[in-house]
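Please look at the sequence and the structure together, and keep both in view while reading.

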Amino acid sequence: MRSVLADHQTSKAGRPRLWAAGLSAFAAVLVIMVLVVLLVRGGDRYEVDPRRVEVARPSPAAAATALATFVSGVETRDAAVLTSLAPDEDEGAKEVLAGVAANAASLELSDVSARYVDQVGTVATDGTWAAVAELGWRVAGDAAPSRADVVVRFAPDAEGVGVVGFGGAGAGRVPLWLRGELSVARAPGVLVMVDGAWDEAVAVVRRVTRGTAVVRRVLPAWRAPVVVEVPASSADLDEALGAAAGTYAGIAAVTASAGGSSDGDAPVHVFVNPEVTAGLSRAGAQVVMSHELVHVATDAARGGIEPWLVEGFADYVALRDTALPDRTILGRAIAAARAEGVPTSLPEAARFDTRADALQARYEEAWLACRIIAEKLGERALVAAYNDVRAGTPVASALAGRGMAERALLKAWRWRLTQLVAETKG
């Protein structure tokens, strides 16, 4: 507006300048008239109400006190202490917090801590607000605590600030033990927690027990304990892992850090997607679990290994003693090779993204590569090469050290895929 008036003021006629001045005078008179009307109308006097308007504000100090009470309640497994944090009328919050007390006992939670970090978002009209808290916890079987940033939702109550739930606000993880009472089942060296029926927890324990035996046929020295978490849905799985919505929608299970750290001592758990595994046969679900246990046994969640070798080795161990023919195990890989041509290289890391196209075909291709290594060099050489890579040796060097050039592996792998495509035509 200011630039437009300036342009008019430079015109020769000079009318815009007069118009602008006239407008200013008119506006001044109008303001005076309005003020007179407001102050004198009806002969009454109008005064501004001096009362303060109360606006809901977050209280970090009160939230920190609530978190300290939360930690105390978890450590003592005291449902009364935890449910006292819920606002009086919030039965849902009371149920969740009572479930946390039950989980603290069944999971033998220890090393629990909670530190207020910062507010997330704004205060809602009902006075609720959220903040990130750094939580620490350790479940039975873990050698060290897990740590994660968790969103805690607060609300004002008669005694200060209450806790109404966990998660939301688009940030942080929601550890499974914060979702209300879980079904927990055990076996020697195995702990399974399920956000669902106890029968499912028992079934998963049996799957882990069978899978442990499968892994030890190839890795006999492995004895580490196993912790498995089964959320209620794939969406809950994303939240348990602090991942974007939909990240693990098509993944049957994943082995990952239980908290937000991948440090050397951070606990690693197996996380199961119930929506995917529910559609698998009993044998299929068993292969999935055995595959994930290989990752646990080889500490694969720490990263640093070529994905085709990590996933191929896990499938090699999980499928080692099955009676399935190659054309069945490699069904999707054969279909992809028929449609797109036999790949010219082993699958790259990007092809193993959880949302990548034809992901299952990439897993099958990786299995075939490891199967070929075992056939040509022997299973011990495959395990030794895998361990060399884990220790930092490049894949090509690890294979060469065991007697196989990487180009020879690629040639044999492509030839096998080509043969399978030819055999299954029509």
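H10, helix H14 (379-390) and helix H15 (395-401) each supply at least two residues to the lining of the largest cavity, where helices (H or I, at least four residues) and strands (E, at least two) are DSSP runs, numbered from the N terminus. The model is a predicted one, in which local features need pLDDT of at least 70 and side-chain atom pairs count only at pLDDT 80 or more, while totals for chains, interfaces and linings use all residues. Residues are numbered from 1 along each chain as its sequence is written, and side-chain values use heavy atoms, with hydrogens and water left out.

On a 1 Å grid over the protein atoms alone, a cavity is a set of points where a 1.4 Å probe fits but cannot get out, whereas a pocket is an open set with protein on both sides within 12 Å along at least five of seven lines; lining residues have an atom within 4 Å of a point. Grid points are joined across faces, edges and corners, and a volume is the space filled by probe spheres set on the points. A search of the whole structure finds 2 cavities of 30 Å³ or more.

The largest cavity has a volume of about 40 Å³, and H14 gives the largest share of its lining, with 4 residues. Among the residues around the largest cavity are Trp 308, Leu 309, Ile 373, Tyr 386 and Leu 399. By class, this lining has 10 nonpolar, no polar and no charged residues, where Ala, Val, Leu, Ile, Met, Phe, Trp, Tyr, Cys and Pro count as nonpolar, Asp, Glu, Lys and Arg as charged, and the others, Gly among them, as polar. The second largest cavity also has a volume of about 40 Å³, and Arg 207, Ala 253, Val 272, Thr 277, Ala 285, Val 288 and Met 289 line it. H9 gives the most to the lining of the second largest cavity, with 3 residues, and that lining divides into 5 nonpolar, 1 polar and 1 charged.

H9 (282-298) returns in the largest pocket, where at least two lining residues come from each of E8 (253-257), H9, H10 (307-319), H11 (326-329), H12 (331-340) and H13 (359-377). The largest share of this lining, 7 residues, belongs to H9. The space in the largest pocket is about 1400 Å³, and of its 42 lining residues, His 291, Glu 292, Glu 311, Gln 360 and Tyr 363 lie nearest the centre. Its lining has 24 nonpolar, 12 polar and 6 charged residues. The second largest pocket holds about 310 Å³ of space, and Pro 225, Ala 266, Pro 267, Val 268 and Arg 302 are the closest to its centre among the 16 residues that line it.

The sheets come next. An open sheet of 5 strands has the order E5-E6-E7-E9-E8, with mixed pairing, and two strands pair if DSSP finds at least two bridges between them. Its edge strands are E5 (183-187) and E8, each pairing on one side only. E5 and E6 (190-194) pair in the antiparallel sense over 5 bridges, with Arg 186 opposite Leu 191 in E6. H9 packs on this sheet, touching E7, E8 and E9 (268-272), and its direction makes about 20° with that of E8; contact means heavy atoms within 4.5 Å, axes are lines fitted to C-alpha atoms, for helices over the stretch in contact, and angles run from 0 to 180 degrees between N-to-C directions.

A further open sheet has 4 strands in the order E1-E2-E3-E4, with antiparallel pairing. E1 (110-120) and E4 (160-166) stand at its edges with a single partner strand each, so one side of each is left without a neighbour in the sheet. E1 is joined to E2 (129-138) by 8 bridges, and Ser 110 stands opposite Arg 138 in E2. Helix H3 (60-76) packs on the sheet and touches E1, E2, E3 (146-157) and E4, its direction making about 160° with that of E1. On its other pairing, E2 is joined to E3 by 9 bridges, and Trp 129 stands opposite Phe 154 in E3. Of the 10 residues of E2, 8 are buried (under 20% relative accessible area, with exposed over 50% and partly exposed in between, for a 1.4 Å probe and protein chains only), so E2 is largely enclosed by the rest of the structure.
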